[in-house]
Amino acid sequence: MGFEFSLPTKVVFGPGSIGSLDAELPSSISRIFIVTDAVLVEKGLAEQVKEHLGNRSVEIFSAVEPNPSFETVDAGGVVARAHESQLVVGLGGGSPMDAAKGIAGLVANPALSTRDLVSCGDLEWPAVPVVCIPTTSGTGSEVTPFAVFSNHAQRTKEGCSFPSFFPALALVDSELTYSMPHGTVIDTGLDVLTHAIEAFLSTIASPLSDVFALDAIARARTHLQQAVAKDHAAMDEMALAATLAGVAIAHASTILPHVMGYPLTVEHDIPHGRASTLALLPFLDLLMERLPESLKVQRLGSVFGGPGGMRQFVNELGIQTSLGSYGIDRTEISGFVPKVIVKSDLEITPFPISEEEITTIYEKGFE
Ligand SMILES: [Fe+2]
């Protein structure tokens, strides 16, 4: 048994921790670019963060949409370079945080575009430092080197990962999550669960990443229901679970279900965490058939009280789990499969995956 484990991100966690932002940043950083979305500007959160940056020159870029496009990230890169930003803050859910990483990469490498980033060659220059401040409890992007962008021309989501995309600082202030809409608490909470379960099952998981994954699963299992009811203590727990699951995927990655969820988001606008869950449930059913002797599979079953337990848990959150309930037609599966089979995440899924296997899982998703 051998593995490596390194988390270069400093994590500052706790309700109210936004107050320590200024003190956490070196005084040599005088020009900061905040990447966020229009809703958070409207809520006053971007301004609140700016107030915690002292006398630095701060530019706010609020054009990030859900599942940010190549074009949005390119545009952010142009503005950030013009501002001569030394550090990029990603404020929001996964979309602004991922966009912040991309923009930080483009600031340091003016010759590149977002399309070049997702081609996953080496960056000539490391991205400028990134600080992530999540306002949802889901993505875990604050502690990962990953960023995912939408390629509108190809109707796909494309990911990339660079060591310099690990944020220098993850400032996880759960108070910033309290104003999340009800539906967002559910969808992002499901993202936490899928991250933790997929990382736990990944063939590159290690005993140390498993500690983070299992703790995140247990916390989400215990607290998501109450977090959806906007209980603040439960929302604090989900903020922690999201970061723990983020550490797990930073080391073990997500596997097949996340990739299978991408076409559901691109073609049917199903929120990311929910889309991953709709793929994960039939994937787990197939996994039980393929690897019934696996101790990990058995352990997962026991966490949710036996086979079908996770489906029941999701249903009790008020979420439909059949693909048919989202207006998806079985005839679309043949269009989804080619977009899934090309992804490298299949290589770390715990049983061999073929086009037929992916088709079977989507078909099971209609049950
Ligand atoms: Fe995710």
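Ser150 stands opposite Lys157 of strand E7 in this predicted model, where local features need pLDDT of at least 70, side-chain atom pairs count only at pLDDT 80 or more, and totals for chains, interfaces and linings use all residues. Residues are numbered from 1 along each chain as its sequence is written. Strand E7 (residues 156-161) runs antiparallel to strand E6, to which six bridges join it; two strands are said to pair if DSSP finds at least two bridges between them. Strands (E, at least two residues) and helices (H or I, at least four) are DSSP runs, numbered from the N terminus. The hairpin of E6 and E7 has four residues between the strands, and Arg155 takes a positive phi near 55° there. Strand E6 (residues 146-151) is mostly covered, with five of its six residues buried. A residue is buried if 20 or more other C-beta atoms lie within 10 Å of its own, exposed if 12 or fewer, and partly exposed in between, the C-beta atoms being placed from the backbone.

A further sheet is open and consists of six strands in the order E1-E8-E5-E4-E2-E3, paired in parallel. Its edges are strand E1 (10-13) and strand E3 (57-61), each of which pairs on one side only. Strand E2 (residues 31-35) is joined to E3 by five bridges in the parallel sense, and Phe33 has Glu59 in E3 as its bridge partner.

Helices lie across this region. Helix H5 (residues 94-108) lies across E2, E4 and strand E5 (130-134), at about 165° to E4. Such angles run from 0 to 180 degrees between N-to-C directions, with axes fitted to C-alpha atoms, for helices over the stretch in contact. Residues are in contact if their C-beta atoms, placed from the backbone, lie within 7 Å.

Which residues touch the most other members of the largest nonpolar core? They are Val88 and Ala196, in a core of 112 residues. A nonpolar core is a set of buried Ala, Val, Leu, Ile, Met, Phe, Trp, Tyr and Cys residues joined through C-beta atoms within 7 Å. Helix H9 (residues 232-252) gives the most to this core, with 14 residues. The core lies between domain 1 (10-176) and domain 2 (182-364), because both give residues to it; these bounds come from an automatic or database domain assignment. Beyond its neighbours within four places in sequence, Val88 has contacts including Phe33, Ala80 and Ala100.

Methods: Contact = placed C-beta atoms within 7 Å.
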